[in-house]
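Dear colleague,

Please find below the structure that I am handing over to you. My notes on what was found in it follow.

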Amino acid sequence: MVADTVAPPVATRPQRPRSRSWLRLIVLLAIVAVVLYPLFWMIGTSVKSQEEIVNNIGLLPRNFTPGNYTDGWTHFDVSFARFFLNSAMVSLLTVIGNAVSCLLAAYAFARLKFRLRGLWFAVMIGTLLLPGHVLIVPQYILFRTLGLVGGEWPYLPLLIPQFLATEAFFVFLMVQFMRGIPRELDEAARIDGANAFGIFRHVILPLSRPALVTTAIFSFIWTWNDFFRQLVFLSDLSDYTVPVALTLFIDSTSQSAVGPMFAMAVLSLLPVFGFFVAFQRMLVEGINTSGLKG
């Protein structure tokens, strides 16, 4: 007679209490609600009438007023579409300038050897300590002396610094990224006959894609939302960008068009949101990547 065999007990993973999971979910939802409340409030205010904006501070409007969007779009002598085109042009050219110039500067600091390289890198990092409001006065005097302020191409004072690798943050970001790329790849390319430019073209540039995407996203968002520099250098209404044009809805000498202002503010968020969603995966990869993945 064969004895019955008893199967050994299977170890089960202890389950977490459901109360703890529900508590964590509630906390996360509360944080999301606090963070997104200003956005929802702005969207709700964009479809409120002028009187209801003052009297109703809730999220939902009592009287739905979609006319704020058409009023804001045609509020000025210049269509608001012109302001969007100006912002898009300045932002895209800034992205190109920062990506090209900062990548070349970072390659020089990370891979090339030249005299006083450490000193110049320290000076570049030191510029991060200077607030932009301190630099705006000498920049304005310089461009005014060169006749570039209020000229035929009024955006040159906003674009020229971007093509000269003046954004030390992006240079530092790319330098740190390139230092994670193995130098054995440079040696292998050099053995195959590649010079410094060939190494940059065939080795560094393809592998620096995450850092380039990160630079592009931040450059676009920061430039699209920039107000102070654009206010200083732009003087003609037809040359204004979206952040500067939004301030024109508030007039201290007459009735302010708050509803149309919030409507245009909602529309101004769409390009930034779309740009971020399109490159979100590459942005996270560029921030988290400190070297090559095997």
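**Helix 1 and helix 14**

In this predicted model, helix 1 meets helix 14 through Leu39, Trp41, Met42, Ile43 and Thr45, which face Phe262, Ala265, Val266 and Leu269 of helix 14. By residue type, this contact comprises eight nonpolar residues, one polar residue and no charged ones. Two packed helices are described by the angle between their axes and by the distance between those axes. Here, helix 1 (residues 18-45) and helix 14 (residues 258-278) pack at about 130 degrees, and their axes lie 8 Å apart. The crossing of the two helices is left-handed.

**Asn68**

Asn68 belongs to helix 3 (residues 67-73). Is this residue buried or exposed? Its relative accessibility is 6%, so Asn68 counts as buried, the cut-off being under 20%. Leaving out residues up to four places away in sequence, Asn68 touches Thr45, Ser46, Val47 and Lys48, and also Gly259, Pro260 and Ala263.

**Arg179**

Arg179 is found in helix 8 (residues 168-179). With a relative accessible area of 48%, Arg179 is partly exposed. Apart from neighbours within four places in sequence, Arg179 is in contact with Arg111 and Phe121. Arg179 and Ala106 are separated by 73 residues in sequence, while their C-alpha atoms are 9.8 Å apart in space.

**Two positive phi values**

Most residues other than glycine have a negative phi. Leu116, in the loop between helix 4 and helix 5 (117-126), has a positive phi near 60 degrees. Ala165 likewise has a positive phi, of about 55 degrees. Ala165 sits in the loop between helix 7 (156-159) and helix 8, and this residue is partly exposed, at a relative accessible area of 22%.

**Confidence**

The average pLDDT of the protein is 85, and 88% of the residues score at least 70. Where is the confidence highest, and where is it lowest? Helix 4 (residues 80-111) has the highest mean, 94, whereas helix 15 (residues 280-288) has the lowest, 65. Over residues 290-294 the pLDDT is below 50, and this stretch has six contacts in the model beyond near neighbours in sequence. Where pLDDT is low, the predicted coordinates should not be read in detail.

With kind regards

Notes. Residues numbered from 1 in each chain as written. Predicted model: local features only at pLDDT ≥ 70, side-chain atom pairs only at ≥ 80, totals over all residues. Heavy atoms only, no water. Helix = DSSP H or I, 4+ residues; strand = E, 2+ residues; numbered from the N terminus. Buried < 20%, exposed > 50% of the residue type's maximum accessible area, 1.4 Å probe, protein only. Contact = heavy atoms within 4.5 Å. pLDDT = per-residue confidence, 0-100. Axes fitted to C-alpha atoms, helices over the stretch in contact; angles between N-to-C directions. Left-handed = near helix turned anticlockwise from the far one by under 90°. Nonpolar A, V, L, I, M, F, W, Y, C, P; charged D, E, K, R; others polar.
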